[in-house]
Amino acid sequence: MQLTLWTYEGPTHVGAMRVATAMKGVHYVLHAPQGDTYADLLFTMIERRDQRPPVTYTTFQARDLGGDTAELFKTAAREAYERFQPQAMLVGSSCTAELIQDDPGGLALALNLPVPVVALELPAYQRKENWAAAETFYRLVRTMCPALPDAAPREKGDQPRCNILGPTALGFRHRDDLREIRGLIEQLGIQVNVVAPLDATPADLSRLSQADFNVVLYPEVGNTAAIWLQKAHRQPFTKTVPIGLGATRDFITEVCALAGIDAPAPPPSRAAWYSRSVDSTYLTGKRVFIFGDATHAVAAARVASEELGFTVVGVGTYSREFAREIREAAKLYGVEPLISDDYLDVEAAVAAAHPELVLGTQMERHIAKRLGVPCAVISAPVHVQDFPARYSPQMGFEGANVLFDTWVHPLMMGLEEHLLHMFKDDFEFHAGASASHLGHGQRAALATPAAAAPAAVAVAPPAVAVDAEGSAEQPAAASTPLQPSAEPIIAGWAPEAERELGKIPFFVRGKARRNTERFAIERGLMTITVETLYDAKAHFSR
């Protein structure tokens, strides 16, 4: 374990809670101290659910450690069943309670409750949230839908059926993705047998074997159960995640092949035309850095490269269980894969890649803001604003439209902001000018634009640099003596050079500043002038 200010995944009991909260008729008894009840807020505050998760905590305290904590768990489990009357119960320990080794599974089985009890063995100090969600779902499926040696084959001519596996509570756009893909599958003439875990009951899980194949929307959660269903019930499952136009078309082809039907012609898409339209072609070649869970990162890289014409300069994931998929994707784009759950490593990689757009999680939103780069969120973990009230899928044809809007608009707004900054001293657009539609009745005091720069700024201080961890490194005080081993220090930017630098779009201005300062240092220049700026531009354009 590592002490950190940020984590991409929660502990294992949060993964189990995501499955329990997504389902109906399931209750989770969690052996945990008082402090671990914070997890409820993830669902009620972040996801904005209208009811708390179906979880009972034993909430033992420090003084209880000298007594019988096992009896506390047994009492909590018994009372939870009597109060909630679930169809199935999950039992397990939080990372803290795991240390006292009370064996919740054995204790719950000893109660002889009249419902299935699924004991979760989730190694909290070796695994994390997504793995635990997949393991919890797999254990539920294996308990409720056991392998049957003589399962009756489905008759030919029946309408093909499929299960949809993977959507959970607290998932990034899972609700809307499910609606989009379920509608797409039903339009193909395929019946959806069960969707799980989201909104499924334990009784629904017992019907999983009645489908012909499984659609896995989120491999991080659904793959383990799908592999077991393939072995136990001979159900193949899809490998294509339908994010983007190309992947959605491939998904339709794959689903139709599994269902034994002909694939229809794909419908027209606005995103396909928009990405070729005049106001989008100037985005071709924009450098993009991608980081998130493996499913969304790999899909985003394909969309960015093949459908929007971006240049992928970095791709990575925090999901170590899916490192192979990220490495294979990185080879396609000729970049080094980043497999890390340390946000400082990610920040350093983003800074080094000099992207013009970052696609990532909530943390990459913060990183991009620090570096002055546009960003769009494509993957969990996310904050409350990424659980919108509107319909906003990432998958399917409508999802492709959402991706276009979400990714391209930050760059469009970047251009607009650049133009406003570029003309900020114009007589019509300066800070003191009134709105043009209000006529010309400005106050006399605002009639003249402000002075271009205060006289005090004769020589600008050294530019703030970004260190390997992405934090701003403040310029040294003027009285600090030069150390013998230090690099030559630039005296500063000439005022006219600073103004010229301000004409460069903000989303590449940082790179232009760094390149110019590096050019000046290598040549021993103490002041950067307009000529230095353009000489550096010519040098790095070769």
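**Close-up 1. How β3 and β4 sit side by side in this predicted model.** Strand β3, residues 88-93, runs parallel to β4, and three bridges link the pair. Look for Met 89: across from it in β4 is Val 117.

**Close-up 2. The whole sheet, strand by strand.** At the edges are β2 (55-57) and β4 (117-119), each with pairing on one side only. From one strand to the next, the twist averages 20°.

**Close-up 3. Helices α1 and α3 against the sheet.** Helix α1 (residues 12-22) packs on the sheet and touches β1 (26-31), β2 and β3. The direction of α1 makes about 160° with that of β1. Helix α3 (residues 69-84) also packs on the sheet, with β1, β2 and β3 as the strands it touches. For α3, the angle to the direction of β1 is about 165°.

**Close-up 4. Where α1 meets α5.** Here α1 packs with helix α5, residues 129-144, at an angle of about 45°, and their axes are 7 Å apart. Because of that angle, α1 counts as oblique to α5. The crossing of α1 past α5 is right-handed. On the α1 side, the contact is made by Thr 12, Val 14, Gly 15, Ala 16, Arg 18 and Val 19. On the α5 side, look for Glu 129, Asn 130, Ala 132, Ala 133, Thr 136, Phe 137 and Leu 140. Sorted by class, the contact of α1 with α5 has seven nonpolar, four polar and two charged residues.

Key: Residues numbered from 1 in each chain as written. Predicted model: local features only at pLDDT ≥ 70, side-chain atom pairs only at ≥ 80, totals over all residues. Heavy atoms only, no water. Pairing = 2+ DSSP bridges. Helix = DSSP H or I, 4+ residues; strand = E, 2+ residues; numbered from the N terminus. Axes fitted to C-alpha atoms, helices over the stretch in contact; angles between N-to-C directions. Contact = heavy atoms within 4.5 Å. Parallel < 35°, antiparallel > 145°, perpendicular 65-115°, else oblique. Left-handed = near helix turned anticlockwise from the far one by under 90°. Nonpolar A, V, L, I, M, F, W, Y, C, P; charged D, E, K, R; others polar.
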